[in-house]
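Please inspect the sequence and the coordinates before starting.

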Amino acid sequence: MRKKRLFSQIAVASAIALVLAACSSGEKKASETTLPEVAMMKSLGAGEGQVNIVAWAGYVENGSNDPAVDWVTGFETATGCKVNVKVGSTSDDMVALMKTGEYDVVSASGDASLRLIYGGDAAPVNTDLVPNYADIFDGLKSQQWNSVDGVAYGIPHGRGANLLAYRTDIVNPAPTSWGSVFDANSPYKGKITAYDSPIYIADAALYLMKTQPDLGIKYPSALDQTQFDAAVALLKEQKPLIGEYWGDYLKHVASLKSGGTVLGTTWQVNINLAQSEGVKVEGIKPVEGSTGWSDTWMISSEAKNPNCAYMWMDHIASPEANAAVAEWFGEAPSNAKACDLTSDTNFCTTYHAADAAYWDDVYYWNTATEACLDGRTDVKCVPYSEWVKAWSSLRNA
Amino acid sequence: MRSSAATWMHKRPKMRLLALLTAPGLWLVVAYLGALGALLITAFFTIDSFTGNVVAQFNLGNFQDMLTDPAYRNVVLRTLGIAISVTLICAIFAIPMAFFMAKIAKPKNQKILVALVLTPLWASYLVKIYAWRSMLEPHTGVIDWLLGPIGIHSPGFGGPAIIIGLAYLWLPYMILPIYAGLERLPNSLLDASGDLGARNFYTFRRVILPLIFPSLVAGSMFTFSLSLGDYITAQIIGGKLQMLGNVVYQNFSINLPFAATIATIPVTIMALYLWLVRRTGALASL
C-alpha cells in the first residue's frame, strides 16, 4: 500500500516535471543556424518609465562609484526612464541574463553578440531611431559581430585591449610579454591571475600564435583541434602559477590592492579603480598584442521597455556620454565627436580611437564556430561549446 | 458566517484534511519534486553548440562527458573530502560546547549561551566569508599579522581555507541538535556511570555518545549537505579551487543540461547518505 502510494506520487511528480520541461524548452527548440525573424522597431513612442540594462562594469555609472562619474542621472531626468543596471562579469553571464527576457538592453562583446543574434535574443536595430549613430566611426559599423547581411543589430560602443596588469612596486623588471604569466619559473608563482572564462583560451592561443609559428594560428578565436589542444595544454601548465582566477572585477581589484595578485590579465577600468585607491599598478599591451573587445549595445527581442531602450542607446552613443564612459572605462570611444569632449584632450590619441594600425594586433573576442573565422575551409575549428567544456575541465582538474 | 463555515468544516473531516494539506501538498509536489524532476530531465538534453539554446533531445552525452573526464571525478572527491572534514570539525567543536551548555553552565546562562551560538546567523553569509577573506589573506591578512610572529601562518586561499570557512559557518547547525540531545539526557545516567567506576572518557564513549548519536546524525545532515552544495565560499576564499557547486555555477549559464547533470551528483550522494543514516536507525529515535 505504502509503496504503491509512493509510486503514484513519483509518477505524478515526473509527469508534472515533464510538462514543465516541455514548457520551458518549447519556445526555442530548433537548433537554428538560420537567422530567426525578429521584428525591427518602426517608430519611437513615449518612454515606459524604466529600462533594464545588462552591462560590463563601468559602462553604466550613476555617480555611486565616483560622484564625478555620472552619465545616468542626466538621462533619467531628461527622459523619465529610470535605469536599472545588472553588471555581467563574463559574456556567458550576459548571454544567460539576456535569455531570461527580463532585460531590455545589453552591452555585448563580440563573443556574445552573434550568439544573441542567432539565438533570437537580440532584435535588429533601426538606426534611424538613433540619431547619434551617424557619428560612429565607420570602421566599427556593420562588422562581423554587430550585423548580419548589412542589418545592424546594435550600436557600437567602444573598443579596447585586454591588458597585462602588474604591481609596479613588486614586479621587477616590468613585464613586456605575456610570457611572464606563462613562465613556469616565475618568481610570482601563486600571485598571477587569469580571467575566469572560456574566452581566456584565446589569450593562450594569442601567445602561441606569436611564439610558436609552427602551429599556424592566424586568429585566436579560430583554432583547429591541434591548435586548440596546444592552447589548453599551455593553460594547464599555467595553472600552478595562478593564485586566483578572476571573474568578479571588484574582487580582482581588491586582490591587486592586497598584493594577493601582482601580475595577470586585466581591463583598463580595473587599473583605473585600483590606482584611484592608491595601488601602484600599471597595465600594458604586451609585445605580442592582446585579445580585446569591440562592444555593441543591443536590444532584446523581448524588450518590455523598447522606447526607453532606444533612448538609452542613443544617449550612450552621444558624444558626451560616449566620451565619459570611454574615459572612465579606459577604452577607445566609438563616436568620432566624443574625442573633442574628453577631459583629457589627448585621450583619443592615447587610446588610438582613430588609429587603425594600433588595432592590428588586437584580436577581438568572437564566438568560435565550426566554420573557421579566419577563413580556412580545409579544417573544422573547435566551436565555443567545446571551449566551455575544456575550460570547465581545466578549472576542476 | 464564519462560524457556520467552521461548523460545516467540523462535520466533514475529509474536507478539513483537504483544506489543510492542499497548499503544502502542491508546494511539495510542484515546487519541490517538480523542480527535481525537471532537473533530472534536463540532464538528458543537450545544447545548440552555437547559440547555447537548450535542445530537448534525449541523449546520454552529458553523463558520458561527466564520467569520462577525470576532472569531474576529482571535483567530486574533493567536494566529498571537504564536506566530511567540515562535518568532523564541526562535531569535534560542537560536542564539548554543547556539553558545557547543557550540563555545566548554570540554567540561567544556558539561554544566553544558546543566543550567543545563534548570533553569527544574524549576520549575512557573504559578510562572514569576506571577513574570512581578510583574515586569511596571505602576508597581509589578520591571521598572519596576529600569529605570524609566533610562527603560525595563514594557509592562504584554497582547500584548508574553504574547510575553515564552512566549518565556521555551519557550526551552529551542529551545536543546536547536540545541545537538544544532551538536554534530554538525564544527569543521573552520568552519575551512575561514574559511581560504577567509569572514567570520564569511558562514560563519554559508552553512555553519552550512543545517546546523542541521533542528534549528531541530525547535525551532520545539515553540515554535510550544506557543505556539499556550497559554491560561494569556494569562490571567495577557495583560490583557484572549485567544488561541485562551482561546476554547476560555471556551466548553468552556458550549458544548462550539463549543469543539471553535475547537479545530480550531490542529489545522489545525499540520497545515499540518508539511506545509510536510515539503516543505522538514528532517524527513528530522533
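Predicted model: local features only at pLDDT ≥ 70, side-chain atom pairs only at ≥ 80, totals over all residues.

Residues are numbered from 1 along each chain as its sequence is written, while chains are lettered from A and ligands numbered from 1 in the order in which they are written.

**Exercise 1.** Characterise helix α13 of chain B by its span and its buried residues.

*Solution.* Step 1: helices (H or I, at least four residues) and strands (E, at least two) are DSSP runs, numbered from the N terminus. Step 2: α13(B) covers residues 256-280 and reaches 37 Å from its first C-alpha to its last, close to the expected 36 Å; the expected span is 1.5 Å times one less than the number of residues. Step 3: the buried residues (20 or more other C-beta atoms, placed from the backbone, within 10 Å of their own) include B:F258, B:I262 and B:P266. Step 4: just after the helix, B:G281 takes a positive phi of about 85°.

**Exercise 2.** Describe the overall form of chain B.

*Solution.* Step 1: chain B has 13 helices and two strands. Step 2: its radius of gyration is 24 Å, well over the 19 Å from the globule rule for 286 residues, so chain B is more spread out than a compact globule. The radius is taken over C-alpha atoms, and the rule is 2.2 Å times the number of residues to the power 0.38. Step 3: buried residues make up 34% of the 286 residues.

Methods: Buried ≥ 20, exposed ≤ 12 C-beta atoms within 10 Å, placed from the backbone.
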